[in-house]
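Me: I am new to reading protein models. Could you help me see how the words fit the numbers?

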Amino acid sequence: MVKRVEQWHWSYLHKNNYFLLKLGVSLLLAALAFMLIFNKSSDSSPVLTAPFVETTISPDSVEKEKCNLFIGDWVYEAEPRYTNSSCSFIEDHQNCMKNGRPDSGYLHWRWKPRDCELRRLDPRGFLDLMTNKSWAFIGDSISRNHVHSILCGLSMVENPIEVYHDETYKNRRWLFPSYNFTLSALWSPFLTYAATFEDSNGVSTGDIQLHLDVLDKNWTEEYKSHDYVMLSVGKWFTKTAVYYENNTVLGCYNCTNTDLTKLRFNFAYRRAMRTVFDYIVGSNHEGVTFYRTSSPDHFEGGEWFSGGTCKRKAPVKEGEFELNKPDKLLRDVELEELDKILVKASEKGVNLRLFDVHLMSLLRPDGHPGPYRFYQPFAEDEKAKVINDCLHWCLPGPIDSWNDVLMEMVVNG
């Protein structure tokens with residue numbers, strides 16, 4: 001009896017195990033079939049890809065996507081990145097501390113975009129990145145102002161050697177020998193060809209003769225040889241000038257010749273920009289070209305020639321300083337023309353980029369030399385009448401933050 005029960009028991013277990021085995025195999029086959037069907041459907045539907053895996057997006061990458069580097073505010077910074085004693089590349093009319101400017105609050109601010117953090121220029125990292133490369137800054141005296149700011153920042157790592165200058169010192173080139181990096185300043189205040197009759201203080205002996213359809217060879221002859229180019233003009237277009245196209249006079253701006261058609265300077269700026277941009281788009285330049293928007297001035301109570309001053313001691317908030325009419329006209333032209341040409345450049349595979357310093361500059365009426373363009377202007381007479389410079393920037397000063405933005409654009413595209 002016991003033996004019969006044992007036989008039944010083992011027979012039962014054998015049948016049961018066989019059933020369980022078949023069940024397990026069936027479940028396995030069903031699972032495999034489900035996976036095959038799922039994988040096939042996921043190939044055609046990206047929404048279903050890895051549905052059970054949570055994708056982690058870096059906060060930094062989200063920040064970069066939504067961050068506009070040119071929209072922000074000035075925040076307090078404890079120390080300037082260099083001084084007039086630590087940098088030997090500051091021109092006299094930018095050296096506000098040496099020239100006797102009594103306040104120093106303008107030195108202690110840095111630009112902060114509203115949607116992300118912006119690192120200060122890392123001079124060593126920038127030079128490492130620029131090894132065996134060349135930069136050219138092409139434009140007017142604000143462009144030259146910018147070059148000296150960069151030289152001051154980079155010279156904290158290595159002092160560059162000046163390897164070229166022309167007789168006027170308006171065209172210059174420096175070499176950072178350890179990095180084989182060259183930095184050039186090229187003078188071209190209109191970017192198109194112009195005959196000018198003006199001294200270093202802005203005093204003119206004749207009307208500018210400006211050709212709107214002929215480029216200035218001073219920069220075009222070496223444009224393609226540079227890895228990076230920064231183009232910028234603007235203010236010179238507000239000067240009295242006679243305009244030409246096809247070597248024929250079109251008219252003039254602010255001239256006294258009653259026989260010529262009166263034209264507005266923004267007309268000339270638009271035509272000149274189109275000439276420049278058409279050249280860039282058709283140039284096949286393999287490097288990167290930036291176009292910097294014009295930097296506004298901060299004269300109050302008049303212009304430079306009529307008693308205008310810039311006495312403010314701190315940055316302002318957006319909306320607190322009104323853009324003057326000439327600067328507004330320049331900006332309107334820039335934005336309209338750049339909006340069109342950036343699309344064409346992209347289609348042609350030309351790397352043309354906007355470097356829009358307008359807002360960050362507008363908010364710094366405190367950053368100009370003012371009367372301290374000149375050395376100790378009130379040493380002999382505290383009430384002396386002195387021409388103010390409310391266009392160029394003190395060094396060190398707000399223009400140094402342009403380099404923070406520039407490095408970010410170069411490093412992260």
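Reply: A salt bridge is a side-chain nitrogen of Lys or Arg within 4 Å of a carboxyl oxygen of Asp or Glu. This structure holds 23 salt bridges. It is a predicted model, where local features need pLDDT of at least 70, side-chain atom pairs count only at pLDDT 80 or more, and totals for chains, interfaces and linings use all residues. Residues are numbered from 1 along each chain as its sequence is written, and side-chain values use heavy atoms, leaving out hydrogens and water.

Me: What makes arginine 172 and glutamate 162 a salt bridge?

Reply: Their side chains meet at 2.7 Å, N to O, and the limit is 4 Å, so the pair qualifies. Arginine 172 lies in strand β5 (residues 172–176) and glutamate 162 in strand β4 (residues 161–165), so the pair ties together parts that are 10 residues apart in sequence.

Me: Why does arginine 172 count as buried?

Reply: Buried means under 20% relative accessible area, exposed over 50%, and partly exposed in between, with a 1.4 Å probe and protein chains only. Arginine 172 has 14%, so it is buried. Glutamate 162 has 31%, so it is partly exposed.

Me: How do you know that the length of helix α4 agrees with its number of residues?

Reply: Helices are DSSP runs of H or I with at least four residues, strands are runs of E with at least two, and both are numbered from the N terminus. The expected span is 1.5 Å times one less than the number of residues. For the 14 residues of α4 (residues 141–154) that should be 20 Å, and the end C-alpha atoms are 20 Å apart, so the two agree.
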